[in-house]
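Me: Could you walk me through this model, starting with how its helices pack and then moving on to the ligands?

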Amino acid sequence: MSYADEVFINMCTSILENGTDTKGEKVRPIWEDTNEPAYTIKNFGVVNRYDLSKEFPALTLRPTGFKNCVDEILWIWQKKSNNIKDLNSHIWDEWADEKGSIGTAYGYQIGKKSRYKEGWFDQIDRVIYDLKNNPYSRRIMTNIYCHEDLHLMNLYPCAYSMTFNVTADKEDGGLILNSILNQRSNDILTANNWNVVQYAVLTHMLAQVCGMKVGEFVHVIADAHIYDRHVPIIKELIKREPLEAPEFWINPEIKDFYDFTVDDVKLINYKTHAQVKNIPVAV
Ligand SMILES: Nc1nc(=O)c2c([nH]1)NC[C@@H]1CN(c3ccc(C(=O)N[C@@H](CCC(=O)O)C(=O)O)cc3)CN21
Ligand SMILES: O=c1ccn([C@H]2C[C@H](O)[C@@H](COP(=O)(O)O)O2)c(=O)[nH]1
């Protein structure tokens, strides 16, 4: 059975059984149809580890929209765009202004250049430079939670920091790329596996273009929450029987991060239970 399912079921069970209900607290998001506050049940400080060398962490309890996930991760990390016109899905529509911009969030921050001893780099180019030139560095990380720009973001970044850490393979000395995603806030039903799949794909892509194998992906979530309207859906989902994890394919020809397209990664034999239709998303 898919390890991602096991992690998801255990996390949801723990939130439902031991979580804190935010009902009555001052909360930001609302349900758009009624304008009522969108309360959650939450756990603080969830840490999930996935071994990417063993299995790709895709949920089988319901399908994760792989193409749209990859499209969004490339929108942020490769196109470095903050405009929904460059995105093929509509998941960011509610948070964009009349010109399509989501402000200084996500792709804008990845593309912003900073000065280093070796010159000016944006965040992803610096990661690739370090992985290629100084792979054992403990300083290979990105951060898009930029306080000076927060006032120009429609939604503050949730998945805000990646830390890359390389280990040497104990058997053949080859380089293994591990990563940690730090996330301040995670809507478990809508985006938990969505975010996991995205950053697992990003780790696979960077490993390939830097001549490494993939290792572990660690997902650190400060506020892991289930929205009130999602509770019955989650309860039904976690009763389903997990299926086998799919196989992950990445086009071995791609050697430059900027050459990847959504068609260069695929899930093979991705068998899942039925999709849950019309999941409401709090805005
Ligand atoms: N409350 C909330 N939850 C989120 O997960 C979220 C936000 N807000 N705001 C910004 C982005 C937008 N995100 C989203 C929004 C919608 C879907 C969504 O509807 N997913 C569908 C599949 C869509 C597809 O495959 O294209 C789903 O069934 O999960 C996913 C991520 C994640 N983020
Ligand atoms: O990649 C993402 C983007 C957003 N989310 C969720 C997490 C929260 O439910 C909302 C953001 O609300 P805040 O009040 O700013 O925390 O969006 C996610 O899980 N993953």
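**Helix packing and ligand shells**

Reply: The axes of helix α2 (residues 66-77) and helix α5 (residues 188-209) come within 9 Å of each other and cross at roughly 60°. Axes here are lines fitted to C-alpha atoms, for helices over the stretch in contact, with angles running from 0 to 180 degrees between N-to-C directions. That makes α2 oblique to α5, where under 35 degrees counts as roughly parallel, over 145 as roughly antiparallel, 65 to 115 as roughly perpendicular and the rest as oblique. Helices (H or I, at least four residues) and strands (E, at least two) are DSSP runs, numbered from the N terminus.

Me: Which residues in α2 and α5 meet?

Reply: From α2, F66, C69, V70, E72, I73 and W77 meet W194, V197, Q198, V201 and L202 of α5, contact being C-beta atoms, placed from the backbone, within 7 Å. By class, the residues of this contact are nine nonpolar, one polar and one charged. Ala, Val, Leu, Ile, Met, Phe, Trp, Tyr, Cys and Pro count as nonpolar, Asp, Glu, Lys and Arg as charged, and the others, Gly among them, as polar.

Me: Before I go on, what sort of model is it, and how are residues numbered?

Reply: It is a predicted model, in which local features need pLDDT of at least 70 and side-chain atom pairs count only at pLDDT 80 or more, while totals for chains, interfaces and linings use all residues. Residues are numbered from 1 along each chain as its sequence is written, and chains are lettered from A and ligands numbered from 1 in the order in which they are written.

Me: OK, and at what angle do α1 and α5 cross?

Reply: Helix α1 (residues 3-18) and α5 have axes that come within 12 Å and cross at roughly 145°. In α1, A4, F8, C12 and I15 meet I188, N192, N193 and V196 in α5, and that contact has six nonpolar, two polar and no charged residues.

Me: Switching to ligand 1, which residues come nearest?

Reply: Of the 15 residues around ligand 1, G65, N68, D187, T190 and A191 come nearest, a residue being near if its C-beta atom, placed from the backbone, lies within 6 Å. The largest share of that shell, three residues, comes from α5, and the shell divides into ten nonpolar, four polar and one charged.

Me: And which residues are around ligand 2?

Reply: Around ligand 2 are R28, P29, L155, Y156, C158, A159, S185, N186, D187, A191 and N195. The elements giving two or more residues to this shell are β9 (175-187) and α5, with the largest share, three residues, coming from β9.

Me: How many helices and strands are there in the chain?

Reply: The chain has six helices and twelve strands.

How values were computed. Contact = placed C-beta atoms within 7 Å.
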